[in-house]
Amino acid sequence: MDTTSLEDMEVAKSPPMISLERKVRPRKGPAEIIRTKLRRQLSCSVPKVKSTITDFFPVILWLPKYKIKEYAGGDLMSGLIVGIILVPQAIAYCLLAGLEPIYGLYTSFFGNIIYFILGTSRHVSVGIFSLMSLMVGQVVDREVYLAGFDLSDESKQSSLDSEWNITEDFSKTGINLTINAFNIECGKECYAISIATALTFLAGVYQVLMAVFRMGFVSIYLSAPMLEGFATGASCTILTVQAKYLLGLKIPRHQGYGTVVVTWINIFKNIQNTNFCDMITSAICIAVLLGGKELQERYKNRLKMPLPTELLVVAVATIVSHFADLNGHYSSSISGAIPTGFIPPQVPNFELMPRLAVDAIPLAVISFAFTVSLSEMFAKKNGYTVRPNQEMLAIGFCNIIPSFFHCFTTSAALAKTMVKDSTGCQTQVSSVISAFVVLLVLLLLAPFFYSLQKCVLACIIIVSLRGALRKFKDFPRLWRLSKIDAIVWMVTMSSAALISVEIGLLVGVVFSMICFVAQTQYPKVSLLGQIENTNHYEDMSDYNSLLSIPKGLKGDSHPRRRISCP
């Protein structure tokens with residue numbers, strides 16, 4: 001066969017050339033694009049109205065399909081258990097927020113009800129959270145201090161006595177408490193809750209705006225090591241702030257940077273003023289709480305429900321403090337008056353908001369980040385999906401609406417969410433059950449906590465930090481897995497603990513982004529070789545006896561390359 005015929009055959013075998021012509025599309029100007037989007041969004045029809053309402057209120061979709069026989073038992077059990085855990089924590093975390101215990105109960109009640117209506121997660125428990133309480137408390141104490149009020153506990157108690165008319169009848173089983181005036185001239189406690197509600201309102205507005213403008217991508221820059229380091233550093237600050245209550249010391253909270261270092265210096269300077277009654281009570285309570293937690297972890301497979309250790313400690317400590325009159329005989333600090341019922345709603349003070357606009361930003365970001373991450377984690381675990389944008393709307397309105405009812409910033413809480421998941425929770429009906437438990441305390445049982453020592457509340461807060469503080473033990477394992485993640489964790493934790501919580505968040509986000517950019521700019525390139533008689537490939541620089549030319553692949557004379565970002 002001659003050369004000409006061979007060339008003709010190759011031409012005949014070659015595929016015909018295809019000519020593609022690009023479509024000409026007229027470019028739209030910015031005004032036309034905006035007009036088109038507005039026309040699409042603002043168009044109105046019955047199906048679109050129904051879809052919008054059901055998207056905004058997910059409860060409309062799932063509540064009519066509620067299977068009573070299948071879901072009611074688990075929801076009732078988990079709701080009651082979380083409610084029992086929630087009551088002492090709501091009272092205790094108000095120490096962190098610099099507010100009175102009644103406001104923690106309000107926050108827990110309204111947060112659960114609103115998330116039940118707006119949330120898409122079946123398991124997330126929204127309410128009072130130690131990290132949010134700390135961040136609110138730092139802003140509240142700063143503004144109260146700048147306003148000229150005394151930050152000592154004695155001034156707070158005198159302010160309360162002037163606002164509440166308290167009558168005590170110790171011959172009966174309870175304490176009769178009547179709220180006599182809420183329209184009086186604003187004192188220290190009134191100013192503190194005004195700051196907290198204005199801050200909460202702003203944080204909620206930021207979260208709703210983030211949802212409207214589809215800014216959920218911000219959570220991408222909040223990596224898991226950064227969030228864990230931030231939580232651990234904040235836990236160190238919480239532990240430090242509460243340490244003074246364990247010893248019964250009257251030390252105002254430090255204003256400014258370096259709270260951990262300065263507070264411990266002040267504690268050791270005033271160690272001679274330790275209240276031994278508070279110290280002994282704290283030692284007993286911590287031992288009981290830690291023992292209960294260890295028993296819970298050791299026998300969690302046998303126990304059908306978590307041990308209500310916090311509630312037991314609070315009940316026993318309150319009875320002992322009341323009948324032994326520890327406040328009168330040993331000057332032990334107590335919670336004081338907790339009124340029953342609801343305070344009339346009030347519009348947040350808009351005059352305070354310009355001063356708090358910057359402070360609300362980290363609150364909004366951390367609150368939505370924890371809520372979205374927890375909702376996605378438990379949705380994946382239980383085989384359903386959530387809508388992150390709706391979660392941002394839900395947590396935003398969990399802050400905006402309660403701010404009119406004397407509440408402070410809320411978020412999803414990991415510990416209570418895990419309890420709900422482990423006790424058979426099926427839907428957010430469990431949150432309504434928990435809210436009714438808190439409502440029972442608000443209407444009937446709140447005055448019984450009058451004699452509860454503050455050191456007992458501090459013990460509950462400190463023991464609840466076990467999970468975050470245990471991350472120190474996991475650091476060597478994290479270092480072996482990824483040195484970059486370990487460095488991000490350490491930098492974020494150190495800055496949050498040693499400088500301030502807000503600066504720690506900023507440093508963590510910036511440093512995490514720098515590490516991410518550095519990894520993408522300098523990727524790891526591996527030359528892969530085939531393991532003989534297999535279809536697996538490994539790095540040729542790490543292993544010997546790898547085949548550089550894969551078997552059975554004719555014409556492939558180059559080993560494969562793998563590019564990855566460590």
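**Note on the predicted model: surface patch, salt bridges and nonpolar cores**

1. Helix α19, which spans residues 429-445, contains L440. The model under review is a predicted one. L440 has a relative accessible area of 42% and is therefore partly exposed. Together with F342, L443, L444, L445 and F448, L440 makes a nonpolar surface patch of about 530 Å².

2. The salt bridges come next. Side chains of opposite charge can pair when their charged atoms come close. In this model the count comes to 10 salt bridges, taking a side-chain nitrogen of Lys or Arg within 4 Å of a carboxyl oxygen of Asp or Glu as the criterion. Three of these pairs are described in the points that follow.

3. R355 and E143 form a salt bridge through their side chains, with an N to O distance of 2.6 Å. This pair links distant parts of the chain, 212 residues apart: R355 belongs to helix α15 (residues 353-356) and E143 to helix α7 (residues 130-146). What is the burial state of E143? With a relative accessible area of 3%, E143 is buried, whereas R355, at 45% relative accessibility, counts as partly exposed. Both residues also belong to a network of salt bridges that links R142, E143, R355 and D359.

4. A salt bridge also joins K293 and E310, whose closest N and O atoms are 2.9 Å apart. K293 is located in helix α12 (residues 276-298) and E310 in helix α13 (residues 309-324), so this pair ties together parts that are 17 residues apart in sequence. K293 counts as partly exposed at 25% relative accessibility, while E310 is buried, its relative accessible area being 7%.

5. E294 pairs with R470 in a salt bridge in which the closest N and O atoms are 3.7 Å apart. Because E294 lies in helix α12 and R470 in the loop between α21 (466-469) and α22 (471-481), the pair ties together parts that are 176 residues apart in sequence. Are E294 and R470 buried or partly exposed? E294 counts as partly exposed at 38% relative accessibility, and R470 counts as partly exposed at 33%.

6. H123 is placed in the loop between α6 (101-118) and β1 (126-127). Its relative accessible area is 4%; since buried means under 20%, H123 is buried. Which backbone atom does the side chain of H123 reach? The side chain of H123 reaches the backbone oxygen of C425 at 3.3 Å. If residues up to four places away in sequence are not counted, H123 touches F378, N382, Y384, T417, K420, D421, C425 and Q428.

7. The interior is considered last. In soluble globular proteins, nonpolar side chains tend to be buried together. The largest nonpolar core of this model has 110 residues, of which L99, L131 and F408 touch the most other members. Helix α9 (residues 188-212) supplies the largest share of this core, 13 residues.

8. Leaving aside neighbours within four places in sequence, F408 is in contact with C94, A97, L99, Y103, G104, T107, I128, S133, V136, A196, T200 and N399. Another core, of six residues, lies apart from the largest one, and its members include V59, Y66, Y71 and V429.

Methods:
Residues are numbered from 1 along each chain as its sequence is written. This is a predicted model: local features need pLDDT of at least 70, side-chain atom pairs count only at pLDDT 80 or more; totals for chains, interfaces and linings use all residues. Side-chain values use heavy atoms; hydrogens and water are left out. Patches are made of residues with over 30% relative accessible area and no salt bridge: like charges are joined within 9 Å, nonpolar side chains (Val, Leu, Ile, Met, Phe, Trp, Tyr) within 5 Å. Accessible areas come from the Shrake-Rupley method with a 1.4 Å probe; for residues, only the protein chains shown count as cover. Helices (H or I, at least four residues) and strands (E, at least two) are DSSP runs, numbered from the N terminus. Buried means under 20% relative accessible area, exposed over 50%, partly exposed in between (1.4 Å probe, protein chains only). A polar contact is a pair of N or O atoms within 3.5 Å; within protein, one must be able to donate a hydrogen and the other to accept it, and residues adjacent in sequence count only if both atoms are side-chain atoms. Contact means heavy atoms within 4.5 Å. A nonpolar core is a set of buried Ala, Val, Leu, Ile, Met, Phe, Trp, Tyr and Cys residues joined through side-chain atoms within 4.5 Å.
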